[in-house]
Amino acid sequence: MYIPKFRRQLVEDRRQDGYWIEAFSIDGDSKPDIAGYGLGQGDVTWYRNNDWKKTLIAKFIGPVGMHNVDINGDGRNDIVICYQYGQTMVNCAPEGGKIVWLENPGNSEPYWKSYYIGRTTSMHRLKVGHFTQ
């Protein structure tokens, strides 16, 4: 029986903002990298597994929910993210709830290409999948 061994490792010291963190392979080496962001600053950041190199891949007003999937079939996990939620469900941003696809370029270049999918007021959680197949 395999028993995993864990060790403590600092990825980023003194981060100013934090809300969402997700672990999945971004660079295609099958090791889980980290993608995360905070509500205030809105920097969507990728931390590459092994050296934890930090790459800013997007910036949004109040990013909230995120999911990953290979949208275009190139073998790389892309990110779908919703943002501009507002303060609460009662006090949501009427023009917000925007949803975008961030296309993974396959390298550590900053600011991935963003494709607008749509919006629904107060959107703050999402899942991506093949729901009609």
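In this predicted model, P63 has Y83 as its bridge partner in β6, and the two strands concerned, β5 and β6, pair in the antiparallel sense over 5 bridges. Y83 in turn has K98 as its bridge partner in β7, within an antiparallel pairing of β6 with strand β7 (residues 98-103) that also runs over 5 bridges.

- Strand β6 covers residues 78-83, and because 6 of its 6 residues are buried, the strand is largely enclosed by the rest of the structure.
- Both faces of β6 are covered, with D78, V80 and C82 buried on one side and I79, I81 and Y83 buried on the other.

**N68 in strand β5**

- N68 lies in strand β5, which spans residues 63-69.
- The relative accessibility of N68 is 17%, and N68 therefore counts as buried, since the cut-off for that class is under 20%.
- When neighbours within four places in sequence are left aside, the residues in contact with N68 are E22, F24, N77 and D78.
- One of these contacts, D78, is also among the buried residues of β6.

**The open sheet of β1 to β4**

- Four strands form an open sheet in the order β1-β2-β3-β4, and their pairing is antiparallel.
- The edge strands of this sheet are β1 (20-24) and β4 (54-59), each of which pairs on one side only.
- From one strand to the next, the twist of the sheet averages 20°.
- Strand β3 (residues 43-47) is joined to β4 by an antiparallel pairing over 5 bridges, and T45 has L56 as its bridge partner in β4.
- In general terms, the strands of a sheet pair through backbone hydrogen bonds, and the pairing may be either parallel or antiparallel.

**The largest pocket**

- The largest pocket holds about 170 Å³ of space, and its lining is made up of R7, Q9, V11, N49, N50 and W52.
- Sorted by class, the lining of the largest pocket comprises 2 nonpolar, 3 polar and 1 charged residues.

Definitions and conventions: Residues numbered from 1 in each chain as written. Predicted model: local features only at pLDDT ≥ 70, side-chain atom pairs only at ≥ 80, totals over all residues. Heavy atoms only, no water. Buried < 20%, exposed > 50% of the residue type's maximum accessible area, 1.4 Å probe, protein only. Contact = heavy atoms within 4.5 Å. 1 Å grid on protein atoms, 1.4 Å probe; cavity = no way out; pocket = protein on both sides within 12 Å on 5 of 7 lines; lining within 4 Å. Points joined across faces, edges and corners; volume = space filled by probe spheres on them. Nonpolar A, V, L, I, M, F, W, Y, C, P; charged D, E, K, R; others polar. Pairing = 2+ DSSP bridges. Axes fitted to C-alpha atoms, helices over the stretch in contact; angles between N-to-C directions.
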